[in-house]
Amino acid sequence: MKVTNYQNATIDPFGKGLGMVPGTGIQLNDASRLQWNLLEEDVSLPAAVLYSDRIEHNLKWMQDFVGEYGVKLAPHGKTTMAPQLFRRQLDTGAWGITLATAHQVRAAYRGGVHRVLMANQLVGKRNMGMIAELLTDASFEFFCLVDSADGVDQLGEFFSSVRKKLNVLIELGVPGGRTGVRDDAQRDAVLAAIARWNGTIELAGIELYEGVLQDETKVREFLKSAVDVTRKLIGEGKIARKPAILSGAGSAWYDVVADEFAKANSDAIEVVLRPGCYLTHDVGIYKKAQNEIFARNPIAKKMGQGLKPALQLWAYVQSIPEPDRAIIGLGKRDSAFDAGMPEPAKHYRPGNEAPRDVSPDEGWEIFGLMDQHAYLRIKPGDDVKVGDMIAFDISHPCLTFDKWRQILVVDPKYRVTEVIETFF
């Protein structure tokens, strides 16, 4: 029976996307008990929506892909910052979760994640303190990056004072890139600093981020150099962890990283890939990246249909002030717009049987965004009315997720099955 007493029916009274008041005590992952349906207007719009069948497809596809190479997966959690989704990734076979900051690590730990690769340097007393607090739990395994002797010494001073051991990975970088040691001299200085803090700072392996490079040849050269460095340090007995970790891969070159690093996969080296955007995918920059992966990678190609866009934003048509434009209740506060505007995907008029797909041939497009409004170009005479609902595909899921505290999960009949909470 659908809950209709809105004074007693909610999960969070302040969450954008629900618009109700507290009282039921229903858990986020048990929202199906409320029997909300997106098309029946049981939730407030705009709303961010995940499609459960597409999420499950993407989870399985990526796990199968890394399985083909015999490597491990530690998805980058900064994309969603949703522990409920982290747990799905872990339950599907992920080795751990990648994160970027100390507060993200704490949120993930509180959400049940017990192995974290922080693909970033850990700098600052309070940030170090947050990690040290988590390390009081012996079941929590944590790794962070180092690329300077100063950074290692600061970590060593702090963690020795609190009598905690810290696992680190040396980050390799490229000229003009982001973080990471640029040459042998810098790497040797970091190694010397690690040796100074023997017993407190332990080297667990090598890490890199290849996404700063645009050319496949240069990416492969960078990856091969990382394999060489890892083997060299193992041979010299400088990596304490057995097996040593060798980690890379954002969401654009993960196939190339898998191809190169899998050659080093062995009892001595554990390869860990870190793509994050695969879970929801998109119709913009990551669709383009996936097309390139299919063009160059035979394993991805043989796996059939690839990743599916699983995240959409739904909003109402709230004004049609001119025949060739509609104003949509959706804006910069709701959607990423750094890598392309939201794209109209479905059109639904409440009371109709089902949404219809919006064809690119119709010429509908967002040509401007304000904080809470989107300018949608339509054609004079198009059957669009105030109160219609439009679903938009997005480009760049990361910057869309961080605009939402709560995201609805719906089944193929648009019934809400779960509410995902984010922790940005």
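In what order do the eight strands of the open sheet follow one another, and is the pairing parallel or antiparallel? This is a predicted model, and in it the order across the open sheet reads β2-β9-β8-β7-β6-β5-β4-β3, with parallel pairing. At the edges of this sheet you will find β2, covering 72–73, and β3, covering 97–99, and each of these pairs on one side only. As a general point, the strands of a sheet pair through backbone hydrogen bonds, in either a parallel or an antiparallel way.

Strand β6, residues 166–172, runs parallel to strand β7, residues 201–208, and seven bridges join the two. If you look for Leu 172, you will see that Leu 208 in β7 stands opposite.

Now to the helices, where I would like to show one packing. Helix α8, residues 254–261, packs with helix α9, residues 285–296, at an angle of about 40°, and their axes are 9 Å apart. On the α8 side the contact is made by Tyr 254, Asp 255 and Val 256, while α9 contributes Gln 290, Ile 293 and Arg 296. Sorted by kind, the residues of this contact are three nonpolar, one polar and two charged.

Next, a residue in a loop. Where is Asp 388 found, and is it buried or exposed? Asp 388 is in the loop between β15, at 374–377, and β16, at 389–393, and with a relative accessible area of 1% it is buried, because buried means under 20%. The side chain of Asp 388 reaches the backbone nitrogen of Lys 385 at 2.9 Å. Not counting residues up to four places away in sequence, Asp 388 also touches several others, among them Tyr 316, His 347, Arg 349 and Asp 383.

Thr 400 has its place in helix α11, residues 397–401, and at 0% relative accessibility it counts as buried. Leaving aside neighbours within four places in sequence, the contacts of Thr 400 include Leu 311, Leu 313, Asp 334 and Ile 394.

I will finish with some details of the backbone. Which peptide bond has an omega near 10°, and which has an omega near 0°? The bond from Leu 45 to Pro 46 is cis with omega near 10°, and Pro 46 lies in the segment before β1, which covers 47–51. The bond from Lys 242 to Pro 243 is cis with omega near 0°, and Pro 243 lies in the loop between α7, at 216–235, and β8, at 244–248.

Glu 41, in the segment before β1, has a positive phi of about 60°, and at 37% relative accessibility Glu 41 counts as partly exposed. Tyr 414, in the loop between β17, at 406–410, and β18, at 416–421, has a positive phi of about 70°, whereas its relative accessible area of 11% makes Tyr 414 buried.

Methods. Residues are numbered from 1 along each chain as its sequence is written. This is a predicted model: local features need pLDDT of at least 70, side-chain atom pairs count only at pLDDT 80 or more; totals for chains, interfaces and linings use all residues. Side-chain values use heavy atoms; hydrogens and water are left out. Helices (H or I, at least four residues) and strands (E, at least two) are DSSP runs, numbered from the N terminus. Buried means under 20% relative accessible area, exposed over 50%, partly exposed in between (1.4 Å probe, protein chains only). A polar contact is a pair of N or O atoms within 3.5 Å; within protein, one must be able to donate a hydrogen and the other to accept it, and residues adjacent in sequence count only if both atoms are side-chain atoms. Contact means heavy atoms within 4.5 Å. Two strands pair if DSSP finds at least two bridges between them. Axes are lines fitted to C-alpha atoms, for helices over the stretch in contact, and angles run from 0 to 180 degrees between N-to-C directions. Ala, Val, Leu, Ile, Met, Phe, Trp, Tyr, Cys and Pro count as nonpolar, Asp, Glu, Lys and Arg as charged, and the others, Gly among them, as polar.
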